[in-house]
Amino acid sequence: MADAEIDAKPVDQDALVADIDRTRAELARTIDAISDRVSPKKNVQRALDEVRQRASQVDPLMAGAAATAILVSVTVIFLVRRRKR
């Protein structure tokens, strides 16, 4: 216990206050980042933004071809089921 008192350095009050303020600001930023990540509204917005970005990168010709293939497939399935009755 006596060694701790001998080795203790004098504490600069201004440095201590500055360190506390810096720590408080870092903690506030961390809490803001965590609340941003767990916010349902912001998660939905991020998901919608990602879908919009991916949709804007789709080639219109490929999208049309895929839609046509789906339409033809659904029509064929409908006709096959209708014939079985």
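Me: Is Arg85 buried or exposed?
Reply: Start with the cut-off: over 50% relative accessible area counts as exposed. Arg85 has 87% relative accessibility, so Arg85 is exposed. Keep in mind that this is a predicted model.

Me: Where is Arg85 placed?
Reply: Look at the helix boundaries. Helix H4 covers 60-84, and Arg85 sits in the segment after it.

Me: Where is confidence lowest, and where is it highest?
Reply: Helix H1 (residues 2-7) is lowest, with a mean of 56. Helix H2 (residues 13-38) is highest, at 95.

Me: Which residues make a nonpolar surface patch?
Reply: Val11, Leu16 and Ile20 form a patch of about 270 Å². Leu16 belongs to helix H2. Its relative accessible area is 39%, so Leu16 is partly exposed.

Me: How many salt bridges does a search of the whole structure find?
Reply: To spot one, look for a side-chain nitrogen of Lys or Arg within 4 Å of a carboxyl oxygen of Asp or Glu. The search of the whole structure gives 6 salt bridges.

Me: What distance separates the closest N and O atoms of Arg22 and Asp19?
Reply: They are 3.4 Å apart, and the pair forms a salt bridge. Now check the spacing in sequence. Both residues lie in helix H2, 3 residues apart, which is about one turn of the helix. Then check the surface. Arg22 is partly exposed, at 46% relative accessible area. Asp19 is partly exposed too, at 37%.

Me: Which residue forms a salt bridge with Arg52?
Reply: Asp49 does, with the closest N and O atoms 3.4 Å apart.

Me: Why are Arg52 and Asp49 separated by about one helical turn?
Reply: Count along the helix. They are 3 residues apart in helix H3 (residues 40-56), so about one helical turn lies between them. Arg52 has 51% relative accessibility and counts as exposed. Asp49, at 38% relative accessible area, is partly exposed.

Me: What is the N to O distance in the salt bridge of Arg54 and Glu50?
Reply: It is 3.0 Å, where the two side chains meet. Arg54 and Glu50 are 4 residues apart in helix H3, so about one helical turn separates them. Arg54 is exposed, at 55% relative accessibility. Glu50 is partly exposed, with a relative accessible area of 40%.

Me: Which residues do salt bridges that share partners join into one network?
Reply: Follow the shared partners from one bridge to the next. Asp36, Lys42 and Arg46 are joined into one network.

Me: How far apart are the C-alpha atoms of Ile31 and Gln57?
Reply: Along the chain, Ile31 and Gln57 are 26 residues apart. Their C-alpha atoms are 35 Å apart. Ile31 lies in helix H2. Ile31 has a relative accessible area of 48%, so this residue is partly exposed.

How values were computed: Residues are numbered from 1 along each chain as its sequence is written. This is a predicted model: local features need pLDDT of at least 70, side-chain atom pairs count only at pLDDT 80 or more; totals for chains, interfaces and linings use all residues. Side-chain values use heavy atoms; hydrogens and water are left out. pLDDT is the predictor's confidence in each residue, from 0 to 100. Helices (H or I, at least four residues) and strands (E, at least two) are DSSP runs, numbered from the N terminus. Buried means under 20% relative accessible area, exposed over 50%, partly exposed in between (1.4 Å probe, protein chains only). Patches are made of residues with over 30% relative accessible area and no salt bridge: like charges are joined within 9 Å, nonpolar side chains (Val, Leu, Ile, Met, Phe, Trp, Tyr) within 5 Å. Accessible areas come from the Shrake-Rupley method with a 1.4 Å probe; for residues, only the protein chains shown count as cover.
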